[in-house]
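This briefing is meant for someone meeting the structure for the first time. Please look over the sequence and the model below before reading the points that follow.

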Amino acid sequence: GTLETLVMQLANLLARADTRVYAFLHLATTGLLSLAAGVGELQDFRFAQEDRTRDALRRFPELLGLKVRIQALATGETNALPALEMARRIADEMGTRIMVHISGTPIALESILERLRPGDIATHIFNGYEHGILDATGRVRAAVREAVAPAGVTVEYNGEAEFPPSSPATSSQYASTLRACRATCVSAAAAAASRAIVSRVR
C-alpha cells in the first residue's frame with residue numbers, strides 16, 4: 001500500500017544518511033501531496049488510515065512519533081479536533097508522542113494544548129495568525145506557560161515564514177513576539193527536546 005511504500009522509502013533513506021535524521025510519521029497517508037489538488041490532507045479522513053498508521057509505528061521504531069497539522073487548509077475547522085484526537089488516540093495506544101503543527105489553526109490554541117502530554121511537540125508555534133501564543137494584550141497565554149512547564153510540551157520555531165502574508169511581520173512585531181516567548185518557551189523547549197530525543201535514540 002501507499003503508506004507502507006512511503007515509510008519503507010523513508011527507512012531506507014535514514015539508513016543511508018550520513019547525518020542523523022529524526023522523523024515523524026504524518027497522520028495523512030498522502031502527506032502534503034493532496035495540497036497540489038487544493039485539498040487539505042485531513043479534510044477527508046479517508047487519507048488517514050488508523051490501522052496502517054499503527055502498523056507503521058510498530059514496524060519502524062526509529063520514528064519519533066506521529067505528526068498532525070491542525071491548520072485551516074489541512075483540516076478545515078470541522079475536522080480539526082477530530083484529527084487531533086485521532087492522533088492522540090493512536091499515539092497513546094502505541095506509546096509514542098505527537099507533533100502538532102499549530103500555525104494557522106482554525107481552533108483555539110487552548111483546545112490543542114490541553115490535549116498534549118509531556119514529550120509532545122507543538123511546532124510552528126511562533127506565528128502571526130489569530131490563534132497564536134500571545135493574547136490580545138501581547139502577553140504569552142497562560143495555556144502556553146502551563147504547557148511548557150518542566151517536563152512538559154516542547155515548542156519549535158520555524159522562522160519568519162510563520163507570519164501570514166495578509167499581515168506581514170514587521171521587525172518590531174517579530175522582535176516583540178520573540179521577546180515575549182523567550183523566557184517562557186525557549187529554555188524549557190530546548191531542555192525538553194534534548195531529553196525527548198536522547199531518551200528515544202539511546
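Of the 202 residues in the protein chain, 46% count as buried, where buried means under 20% relative accessible area, exposed means over 50%, and partly exposed lies in between, with a 1.4 Å probe and protein chains only. This is a predicted model, in which local features need pLDDT of at least 70 and side-chain atom pairs count only at pLDDT 80 or more, while totals for chains, interfaces and linings use all residues. Residues are numbered from 1 along each chain as its sequence is written, and side-chain values use heavy atoms, with hydrogens and water left out.

**Overall make-up**

- The protein chain has seven helices and five strands, these being DSSP runs numbered from the N terminus, with helices (H or I) of at least four residues and strands (E) of at least two.
- Read along the sequence, the elements follow the pattern α-β-α-β-α-α-β-α-β-α-β-α.
- Among contacts in the protein chain with a separation of 6 or more, 69% come from residues 24 or more positions apart, a contact being heavy atoms within 4.5 Å.
- The protein chain exposes about 10200 Å², of which carbon and sulfur atoms supply 54%; accessible areas come from the Shrake-Rupley method with a 1.4 Å probe, and for residues only the protein chains shown count as cover.

**Paired strands**

- Strands E1 and E2 run parallel and are joined by three bridges, two strands being paired if DSSP finds at least two bridges between them; here His 26 stands opposite Lys 67 in E2.
- E2 and E3 also run parallel, joined by five bridges, and the partner of Val 68 in E3 is Val 100.
- E3 is in turn joined to E4 by three bridges, again in a parallel arrangement, with Ala 122 in E4 as the bridge partner of Val 100.

- Leu 66 lies in strand E2 (residues 65-69) and is buried, because its relative accessible area is 0%.
- Leaving aside neighbours within four places in sequence, Leu 66 is in contact with residues including Phe 24, Leu 25, Ala 87, Ile 90 and Met 99.
- Thr 53 is another contact of Leu 66; the two are 13 residues apart in sequence and 8.7 Å apart in space, C-alpha to C-alpha.

**The largest pocket**

- The largest pocket holds about 230 Å³ of space. On a 1 Å grid over the protein atoms alone, a pocket is an open set of points with protein on both sides within 12 Å along at least five of seven lines, and lining residues have an atom within 4 Å of a point.
- Its lining consists of 13 residues, of which Leu 6, Leu 25, His 26, Thr 29 and Gly 31 lie nearest the centre.
- Helix H1 (2-16) and strand E1 (24-26) each supply at least two lining residues, and H1 gives the most, with five.

**A residue with positive phi**

- His 124 lies in the loop between strand E4 (121-123) and helix H6 (142-147), and its phi is near 60°, a positive value in a residue other than glycine.
- His 124 is buried, because its relative accessible area is 12%.

Technical notes:
1 Å grid on protein atoms, 1.4 Å probe; cavity = no way out; pocket = protein on both sides within 12 Å on 5 of 7 lines; lining within 4 Å. Points joined across faces, edges and corners; volume = space filled by probe spheres on them.
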